[in-house]
Amino acid sequence: MDLGLLILRAVTGVLLAAHGVQKVSFHLGGKGLEGGTEEFRHDGFRGGVLTAVAAGATQIGSGALLAAGALTPLAAAGAIGVMTVALTVKWPHGLWVQNDGYEYPLFLIVAAAVLSSTGPGAWSVDAVLGLLPWNGWWLAFAVALGVGGGLATRAVLHRSAKARS
């Protein structure tokens, strides 16, 4: 079981962090901070550079923490929050990613939620430091904080289609 959790954490965390790197730099096929800023503006968000930096930093930070199995409930909440915002943007396109759908954000939300529920496993920073005995309440914490934070962020920063025209 610990090997499976390590693989899930590593793949999920590295992909999420890499996705954040693309938002704020030219690395990994990113379009730089200007490209990330333009992407958020195109999707109807206010805040310009600050929005792109906040999203990218949340993805990088929560991804790195998930990969390491460090502060897992908080890392999962960050991943769930930023991907909840992405899911709301992609929702009108349907599920499948080839149609710019929400398949990828949904998968990252579920993977982060699972890790908050199971814990990061024995091969993790949390285990080495003896942090956080695991129980089902961590899932509720991560989902409530993540989804609530993501929806609040969307409500504050997103402009309606009417306001954009």
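## Salt bridges and a buried threonine

User: How do you know that the side chains of Asp-100 and Lys-90 meet in a salt bridge?

Analyst: This is a predicted model, where local features need pLDDT of at least 70, side-chain atom pairs count only at pLDDT 80 or more, and totals for chains, interfaces and linings use all residues. Residues are numbered from 1 along each chain as its sequence is written, and side-chain values use heavy atoms, with hydrogens and water left out. A salt bridge requires a side-chain nitrogen of Lys or Arg within 4 Å of a carboxyl oxygen of Asp or Glu. Between Asp-100 and Lys-90 the N to O distance is 2.6 Å, so the pair qualifies.

User: What makes Lys-23 and Glu-39 a salt bridge?

Analyst: Their closest N and O atoms are 3.5 Å apart, so the pair meets the cut-off. Lys-23 lies in helix α1 (residues 2-24) and Glu-39 in helix α2 (residues 32-42), so the bridge ties together parts 16 residues apart in sequence. Helices are DSSP runs (H or I, at least four residues), numbered from the N terminus.

User: Why is Lys-23 called buried, and what is Glu-39 called?

Analyst: Buried means under 20% relative accessible area, exposed over 50%, and partly exposed in between (1.4 Å probe, protein chains only). Lys-23 has 9% relative accessibility and therefore counts as buried. Glu-39, at 35%, is partly exposed.

User: Is Thr-84 buried or exposed?

Analyst: Thr-84, which lies in helix α4, has 8% relative accessibility and therefore counts as buried.

Technical notes: Helices (H or I, at least four residues) and strands (E, at least two) are DSSP runs, numbered from the N terminus.
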